[in-house]
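Please examine the model below, first as a whole and then in two of its parts.

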Amino acid sequence: MTEVKRGFVPTDSEDFSIESINTLHTAGEDVYFLLNRDYPIKNAITFVGNRYQLSERQRTALSRVVSPEKSIISRRERELSAGKLSGQTVHIDGFNIIITLETAFSGSTLFRCMDNTIRDLAGLRGSYRLIDKTDIALEVLADALTELDVYKAVFYLDKPVSNSGRLKKKILDSMSGKAFITEVYTENAVDPILENLENVITADAIILDRCKSWFNINDYILENNDCCQCIDICRNRRI
C-alpha cells in the first residue's frame, strides 16, 4: 500500500510556525472571551479571524481548540479515568478516533485542545479510504482497549461515508482474537446514538457536551508517544 500522510498540508509549517502560534494564542484568547459571552462559534471565529488575518486552516484550528468555560467544566466532570473502564462496554466514535490516530502516525498536525482532547484538521467531507496508517492506528487502539480491560468495544461508523463497510471489516479483522468482544455498526447518523450513551470514546465536541460519560483515549494513547507533537495554542486556558 502506498504511503499516505493523513491530514498533511504543506502550508502547515507556515500556518503553525512559532510566530504564527503566538498570534493564534492571542486570537484564541479573544475567541474564548466571545464564547463565554454566548457568541456563536462561527461568528466568533469570523470576527477574530478577520482581525488577525488568519488563514482558513488557522481558523479551523481555533474552532476545534477553543471551547467556552462552561462546556469545558461539564466535559471534565463527566470524563472517566482509565480505571473506570475495567469490565465495561465502551462505545467508540469510529471515524473520529481512527482518523486522529492515522493523522498522528502520519506525523501530521495535531492540537492539544482546551478540554484536553487531541484533535486533527483532517475533515471527512463524506469520503474516507483505508491508508497504510490504518493498521497501525487499529493496532494501538486494540492495545489500549486491552490495557483498559474493557469487556466489549462497540464501534459506530457513519454509513453515508465512503468505504465505511471496508473499515468495518478491517476493524473486525484487526480486533479478532483480542481479550474483549468487538462489534461494529454502520449507522446513518452516529452522533444522536452516542449522545445518549455512557463510556463514550470520542473527541467530537458536540457529543462530549451531551453524552453521559466519556474517555479521552487519544490522550491515553498519544501522551507519551514520540510519533507526534501536539500544538498547544491555548495552554493557559485548560481547566
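This is a predicted model: local features need pLDDT of at least 70, side-chain atom pairs count only at pLDDT 80 or more; totals for chains, interfaces and linings use all residues.

Residues are numbered from 1 along each chain as its sequence is written, and side-chain values use heavy atoms, with hydrogens and water left out.

The protein contains 11 helices and eight strands, which are DSSP runs (H or I, at least four residues, for helices; E, at least two, for strands) numbered from the N terminus. Its C-alpha atoms fill a box of roughly 55 × 40 × 35 Å along the principal axes.

Helix 2 (residues 18-35) packs against helix 3 (residues 41-52) at an angle of about 145°, their axes 9 Å apart; axes are lines fitted to C-alpha atoms over the stretch in contact, and angles run from 0 to 180 degrees between N-to-C directions.

The largest pocket has a volume of about 770 Å³, the space filled by probe spheres set on grid points joined across faces, edges and corners. A pocket is an open set of points on a 1 Å grid over the protein atoms alone, where a 1.4 Å probe fits, with protein on both sides within 12 Å along at least five of seven lines; lining residues have an atom within 4 Å of a point. Of the 31 lining residues, Arg64, Asn96, Ala203, Asp204 and Ala205 are the closest to the centre. Helix 6 supplies the largest share of the lining, four residues, and strand 3 (118-120) is one of the elements that give at least two.
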